[in-house]
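The sequence and structure are shown below.

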Amino acid sequence: MYVCGPTVYDDPHIGNARPLVVFDILYRVLKCKFGENNVTYVRNITDIDDKIITSSLEKKISTQELTEKITKSFHEDCEYLVCEKPSQEPKATENISQMIEMINKLMKNGFAYLNKQHVYFEVKKFKDYGKLSNKNLDELKAGNRIEVSSLKKNPMDFVLWKPSSADDPGWDSPWGRGRPGWHLECSVMSEKYLGKNFDIHGGGLDLIFPHHENEIAQSCCNNSSDKFANYWVHNGFVTINNEKMSKSLGNIITIDDAVKKYSGQAVRLALLSAHYSQPLDWNDKLLVNQKN
């Protein structure tokens, strides 16, 4: 089982906590069913990303200092929520060479192209693009979480590698000093620990498109296969007043905020009080009921 972990640019909020608890439960159930030695749970840490660079500049600290601080907070939150440690917890920055190797192979086989030190995956080369999210490629338009760039052949093409400025984190590559695209990281780390095809891929509903859709495209093309993960499991959003909890909306409640008022078990039970795939509206009444 591979589950998309945190991008460590800011303290985790209750919305981030839901997948931690949901997939911790699934991990425990699978171990009970198949035996502890027959289940591998991989949850990554994204420690290189544009959000991290922006946040480090705002906080006036290095990206390394920021990612180490937030990763520590994340692990403390996992303990607070009584979540077991995954079998493996790879960091993106520890797997750059494998990412470069995958990009090279995608380019060699005609699935990716270079334009001004940016490498893009050419979406139209993958016939099943949109199958997971049930979206038709002809109907898709560049929008939220999709980088708009005149360097792309098609607005839906996504970045595999981008150049880094002298002040930003970067690694040497055949296309110049730069850093990987977000989608590429999970394809590389899941394959490293689980192989080219594995049982379960998990994450939040907001990751279905474009993140998981892009993972499938690049992995299947890289592996000359028609399947990446056998099953996809997505948890629902946590809402406040029926609005998704998110940093961009400014309506977040951090896990640390919840710690000050309620026990980890109460918060854990509250996060499990609705079906895992459905929205969960967060409020004090919900927590008081679990506490009692």
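Which residues does Y2 touch, not counting residues up to four places away in sequence? In this predicted model, Y2 touches V42, N44, C186, M189, S190, L194, F198, I200, H201 and G202.

**Nonpolar cores**

Y2 also belongs to the largest nonpolar core, which holds 39 residues; Y2, L106, F121, F126 and L160 are the members that touch the most others. Two or more residues of this core come from each of helix 4 (96-108), strand 4 (118-121), strand 5 (158-163), helix 5 (182-194) and helix 6 (208-223). A second, separate core comprises 23 residues, among them I14, A17, L81 and A270. In soluble globular proteins, nonpolar side chains tend to be buried together.

**Surroundings of L30**

L30 lies in helix 1 (residues 14-34) and is buried, with a relative accessible area of 15%. Beyond its neighbours within four places in sequence, L30 is in contact with M1, G35, V39 and I200. The C-alpha atoms of L30 and R179 are separated by 36 Å, and these residues are 149 places apart along the chain.

**Cysteines**

The whole structure contains zero disulfides. C4 is in no disulfide, and its nearest cysteine sulfur, that of C186, is 3.9 Å away. For C83, the closest cysteine sulfur is in C78 at 5.6 Å, which is too far for a bond. A disulfide requires sulfur atoms within 2.5 Å.

| Residue | Relative accessible area |
|---|---|
| L30 | 15% |
| C4 | 13% |
| C83 | 12% |

Conventions. Residues numbered from 1 in each chain as written. Predicted model: local features only at pLDDT ≥ 70, side-chain atom pairs only at ≥ 80, totals over all residues. Heavy atoms only, no water. Helix = DSSP H or I, 4+ residues; strand = E, 2+ residues; numbered from the N terminus. Buried < 20%, exposed > 50% of the residue type's maximum accessible area, 1.4 Å probe, protein only. Contact = heavy atoms within 4.5 Å. Core = buried A, V, L, I, M, F, W, Y, C linked by side-chain atoms within 4.5 Å.
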